[in-house]
Amino acid sequence: MAEQLIISISGLRGVVGENLTASVACEYGRAFGAFLKNRHPGRESRLSVCVGRDTRPSGQMLQSALTEGLCAGGINVTDLGVVTTPGVGIMAQELRCNGGAVVTASHNPAKYNGIKLLLDNSMAPPPDAAGQIKKSFLEEDFHVVDSSMPGGLTRDDRTDIVHIAKVVALIDTDAVAARKFRVALDSVNGAGGRVTKKLLAGLGCEVCAINDEPTGVFAHTPEPTAENVTVLCDVVRNAKADIGFAQDPDADRLAIVDESGKYIGEEYTLALAAKYAFSKGTGEAATNLSTSRMIDEIAARAGGKVIRTPVGEANVAAAMLGHDCIIGGEGNGGVIDLRVSPIRDSLVGIVLVLQLLAETGKTVSQLIDEIPRYRMIKDKFSADSAASQRILDMAKKVFAGAEVDVRDGCRFDFEDGWLHLRASNTEPVMRVIAEARDEGAARGYVNQVLSLRKAIPD
Ligand code: MG
């Protein structure tokens with residue numbers, strides 16, 4: 001069966017040439033333009049949107065079509081070229097745009113592409129706004145302006161400079177440079193390579209970069225998980241690097257390899273960033289309900305606490321803004337520091353971890369050993385919405401002794417760990433994540449859910 005075009009809060013995603021074509025991108029641009037005009041009624045001056053893309057070969061075509069749609073609706077567009085997703089968010093603020101758009105399918109394989117939308121605060125549209133844009137797109141409820149009113153197109157190539165300046169302002173660059181770190185980097189031939197190499201060189205690092213050309217020809221499956229970054233682990237070992245960093249194609253996610261060449265897992269990216277943030281003082285952090293409890297322990301040691309949110313970058317960012325959080329993000333390697341932008345940013349993760357290494361004089365593995373160890377088990381199974389609801393109802397009875405949070409599926413908190421069950425927004429699948437001090441306990445929680453699934457008919 002052909003895959004469906006997915007339109008969600010985080011934007012639009014599809015298979016290029018099948019359900020995602022230039023005309024789809026153009027109409028999505030028109031829908032976004034119509035939404036922005038409704039959001040700013042009666043405004044005299046022209047609205048503006050900055051648009052960037054990751055390196056996928058379809059990016060230029062889709063960016064051009066998206067731009068055409070925006071301009072046809074009378075919106076001015078600034079072309080940022082090949083840049084990271086956080087780079088677009090930063091430039092939307094810098095240029096005081098009314099919105100931003102990134103042509104990217106993030107960590108998904110090469111056949112996919114997508115369009116991620118940002119509002120003037122650089123955050124993804126909240127659910128009601130996303131719903132309006134989707135409705136406008138599906139109903140083709142937008143109009144084109146006449147010959148005197150089309151939007152104009154300008155180019156701005158300053159994203160790397162602006163992005164790097166904001167990121168290095170978070171740290172003591174002299175302290176990092178004095179350590180002359182040897183850093184291995186795998187940017188999967190995505191948008192992160194160019195800007196990250198500049199950042200690291202500016203911090204006095206010796207960079208051993210692989211897959212750093214912006215070709216969009218992914219050297220491996222692009223999600224920065226353990227099985228996909230084995231070559232980076234070899235580079236760290238062979239080069240005797242202090243640390244290895246792996247990015248996804250739009251460079252909002254970061255995974256870390258320790259000095260022995262061991263992949264430490266994406267959950268540790270936010271944990272290490274939080275370890276640094278809480279070493280400077282106390283405060284609040286925010287993360288989603290599926291992220292490791294490590295951050296709660298790190299915050300608690302510093303007298304701070306963690307705000308939990310439903311899954312989704314926009315939910316975490318909104319909580320961070322509401323609570324003036326000192327750090328936040330998601331367990332998939334996405335670190336957010338509001339001083340840079342409300343978007344997950346691998347460059348932010350990189351500088352905070354390098355600063356932590358520089359200040360402590362410790363290795364990555366020594367820092368990891370200081371963080372309370374948890375074991376996480378992830379699983380998923382087929383379940384339509386009715387089956388998912390039945391499983392959630394049954395789980396509430398089975399785990400009646402646990403503290404339960406029902407804002408996003410069900411999260412059960414136990415003394416020794418937690419369990420999160422949630423139905424996918426995009427496919428008839430239920431995801432199960434459990435974490436506990438002991439791997440057997442985490443597996444036990446998952447197995448209990450799997451037995452609930454078996455108890456109901458398909
Ligand atoms: Mg991404």
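Two strands count as paired here if DSSP finds at least two bridges between them. With that in hand, let's walk through this predicted model.

**The sheet**

By that rule, 7 strands make up an open sheet, running β1-β2-β6-β5-β3-β4-β7, with mixed pairing. β1 (6-8) and β7 (153-155) sit at the edges with a single partner strand each, so one side of each has no neighbour in the sheet. On average, neighbouring strands are turned by 15° against each other, ignoring direction.

Zoom in on β5 (residues 99-103) and β6 (residues 112-119): they run antiparallel and are joined by 5 bridges. Val102, for instance, has Lys116 in β6 as its bridge partner. Helix α1 (residues 22-39) packs on the sheet, touching β1, β2 (11-15), β3 (48-53), β5 and β6, and its direction makes about 10° with that of β6.

**The cores**

Nonpolar side chains tend to be buried together in soluble globular proteins.

| Core | Size | Some members |
|---|---|---|
| Largest nonpolar core | 63 residues | Ile243, Phe245, Ile256, Leu272, Ile327, Leu352, Leu354 |
| Another core, apart from it | 31 residues | Ile7, Leu12, Ala25, Cys71 |

Beyond its close sequence neighbours (within four places), Phe245 is in contact with residues including Val183, Leu232, Ile256, Ile350 and Leu354.

**Helix α5**

In α5 (residues 159-168), the buried residues are Thr159, Asp160, Val162, His163, Ile164 and Val167. Their cover includes β4 (76-82), α3 (85-94), α7 (192-202) and α12 (346-360).

Notes: Residues are numbered from 1 along each chain as its sequence is written. This is a predicted model: local features need pLDDT of at least 70, side-chain atom pairs count only at pLDDT 80 or more; totals for chains, interfaces and linings use all residues. Side-chain values use heavy atoms; hydrogens and water are left out. Helices (H or I, at least four residues) and strands (E, at least two) are DSSP runs, numbered from the N terminus. Axes are lines fitted to C-alpha atoms, for helices over the stretch in contact, and angles run from 0 to 180 degrees between N-to-C directions. Contact means heavy atoms within 4.5 Å. Buried means under 20% relative accessible area, exposed over 50%, partly exposed in between (1.4 Å probe, protein chains only). A nonpolar core is a set of buried Ala, Val, Leu, Ile, Met, Phe, Trp, Tyr and Cys residues joined through side-chain atoms within 4.5 Å.
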